[in-house]
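Dear colleague,

I am passing a structure on to you, and below it you will find a short account of what turned up. Please keep it open while you read.

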Amino acid sequence: MGIESVAIHSDPDADAAHVRAATQAFPLGGDSPGESYLCGDRILEAAKATDAQAIHPGYGFLSEDVDFARAVEDSGLTFIGPDSRSMALMGSKRSAREAARSSNLSVVPGFDGDLRDDQVLVEEADRIGFPLMVKAVAGGGGVGMRLVEQRADLLDAVRACRREALAAFADDQLLLEKLVRPARHVEIQVLGDRHGNVISLGERECSIQRRHQKIIEEAPSPAVDADLRRRMSEAAVATAKSVGYRSAGTVEFLLDEKGAFYFLEMNTRLQVEHPVTEMVTGLDLVQLQIEVAAGASITDLLAGRNLEPRGHAIEARIYAESPEDGYLPGAGQLAQVVEPRGPGIRVDSGVHPGVEVSVYYDPLLAKLIVHAPDRHAACRKMSAALGRCAYLGIPTNVDFLHRIVQDSDFLAGHLRTDFLDRKPDLVRGSQEPPPDLAYVAAALCQVLAEPHKQRQADGENRSREPGPWRTLNGLRLWGGR
Amino acid sequence: MRVFQRDFHRAGQSLQVGVQHLGGDRYRVEVGGEAYEVSATPMPGGAVRLLVGGEAFDAYCASAGRTIQVRVDGRSWNLRPDEAGVAEPEANNGLVEAPMTGTVLKVLVRPGETVRADQDVVLLTAMKMEHSLEAGASGVVAKVEVEEGQTVEQGTILVRIDRL
């Protein structure tokens, strides 16, 4: 677009991918999000110091922070997103449910009144019935959210949600929702402009979730036909219009087995999974966000374009965590990064070899996106692409994702939000010991890497923790006899 | 010429792995009692291309903590070297360790308290999420080694439990 960019970053992110990609970098200082990416004042200072005209908030941290959006507006800069008023209405799950109800949408049954009193909370929970969901009113991304199967677990879950929500959003208010199960998570991508237009760019299916966080998303949904797409789109557009929405946003629904859909929430920002919509529509959502923020009209931007989904796209989120071990996140240095390339394969990666995966942030390493003529071909392409990924040095979920996309229910499109809860064997993976080939590979990698490694070691101080290979060097087993 | 020799642990048993260089890109690899003749060529980007019995594989390998992570044929494996002097991690040894670097949010037990193996004893927060850590062994809490709010490295002992 010919626009220069300024990346802001914390100390651990000084070498991060977004910093490398930007025209200019501005250090915010500090390690934790609270000392860096959540400091709105520092970010505005950075904008002034670098003569920036607009701020894109990304999809974490302050992207849905009403105070920040307002501060950006007040400072005379452009916030690339909705205005702070519609963000405030939708940013709280409570007022969002209100807005959806006023647009005649069904919301998930539950209680969104005052829940600060534990006694009220327990009474309301009993009225809704178990299982139910406890959610932070300000929450998102699975943070501050718990599934409670029985009454005995309610208060522990509530306390954990309050703590997480307070830490992540500085707001510990909660709401309760009845658990709709079985259900699919289907969401509609909307785009609004500053001229009152709001359109739908179709749906994404995001039913494959762990810990209430999406890990595999696709477009279109195997459960949505043209008629349902039209009805869900109309509902989403009406809700967005009711709050004067004027940027890219997502209206999330639960879709039950009978084809009834319930409003869940609206995300007033770009979603992590936006690439699957980009692949099937051929649009660049970030570009459109910037265009509409600059005042362009959607009618002009998309004139003559067919917005029906073309082909099928799937995204898999590559996380630094062990699904086989309770999704335990792993931090540390990525020794090797190999990402697949090819027609219809896109990798939105945040890492490179040598990067330190820090404990401070969400453990998302990269997003692998494939596009193919149909769902079957897309599943095959995703499987092949995952097989060719390598992120070594820390645990990752690559093999887990690989197992999912090869699963017969997944291939058949039988998706539901508790898909993984119902497949513990798939989550655990095979418990078989490594095959001989793994040892052959490890030994020969070591043999062939050794001359190179030793050259490196001569110039490098040896103060680092001795890893297994280093111990091996010490024994001089290679070529020394 | 012998160019590699290493003992591993596989499925509770010791496994000897040795490599002989046969010349050029040819190697003879012994894994336990089995022998394989393999062609191996380093590839750009850190992979090693293996030709084993007419099949080609790209292999990658790196150290990850005490294990060796290897990726071959579309799967990853963690191999455990048999290191002299390093005690075998004993299951349920009564030590609750930090499985990852993080911050101790809450210590849920006190010294002298009796705990079940599946009882949560510490809440750890890392990467935005809370993780509860179980005792791992039934017994009596002997000592709490950390304080709430303390940042701990992976492997730090958090709680010691005298097993019953």
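How many salt bridges are there between chain B and chain A? The count is 3 in this model, which is predicted, and in one of them B:Glu130 is joined to A:Arg163, with the closest N and O atoms 3.0 Å apart. Between chain B and chain A there are also 14 residue pairs in polar contact, both residues being at pLDDT 80 or more. The contact draws on 62 residues of chain B and 58 residues of chain A, and about 5100 Å² of area is buried between the two chains, 68% of it given by carbon and sulfur atoms.

In chain A, helix α7 runs over residues 154–169 and spans 21 Å from its first C-alpha to its last, close to the 22 Å expected for its 16 residues. Its buried residues include A:Leu154, A:Val158, A:Cys161 and A:Arg162, and what covers the buried residues of α7(A) includes α6, β6, β7 and β8 of chain A together with β13 of chain B. After α7(A) comes A:Ala170, with a positive phi near 55°.

In chain B, 4 strands make up an open antiparallel sheet in the order β9-β16-β14-β11. Strands β9 (95–97) and β11 (114–115) of chain B stand at its edges with a single partner strand each, so one side of each has no neighbour in the sheet. For β11(B), antiparallel pairing with β14 (residues 139–144) of chain B runs over 2 bridges, and B:Val115 has B:Gly139 in β14(B) as its bridge partner.

Definitions and conventions. Residues are numbered from 1 along each chain as its sequence is written. Chains are lettered from A and ligands numbered from 1 in the order in which they are written. This is a predicted model: local features need pLDDT of at least 70, side-chain atom pairs count only at pLDDT 80 or more; totals for chains, interfaces and linings use all residues. Side-chain values use heavy atoms; hydrogens and water are left out. Two strands pair if DSSP finds at least two bridges between them. The expected span of a helix is 1.5 Å times one less than its number of residues. Buried means under 20% relative accessible area, exposed over 50%, partly exposed in between (1.4 Å probe, protein chains only). Contact means heavy atoms within 4.5 Å. Buried area is the accessible area (1.4 Å probe) that two parts lose on being put together, summed over both. A salt bridge is a side-chain nitrogen of Lys or Arg within 4 Å of a carboxyl oxygen of Asp or Glu. A polar contact is a pair of N or O atoms within 3.5 Å; within protein, one must be able to donate a hydrogen and the other to accept it, and residues adjacent in sequence count only if both atoms are side-chain atoms.
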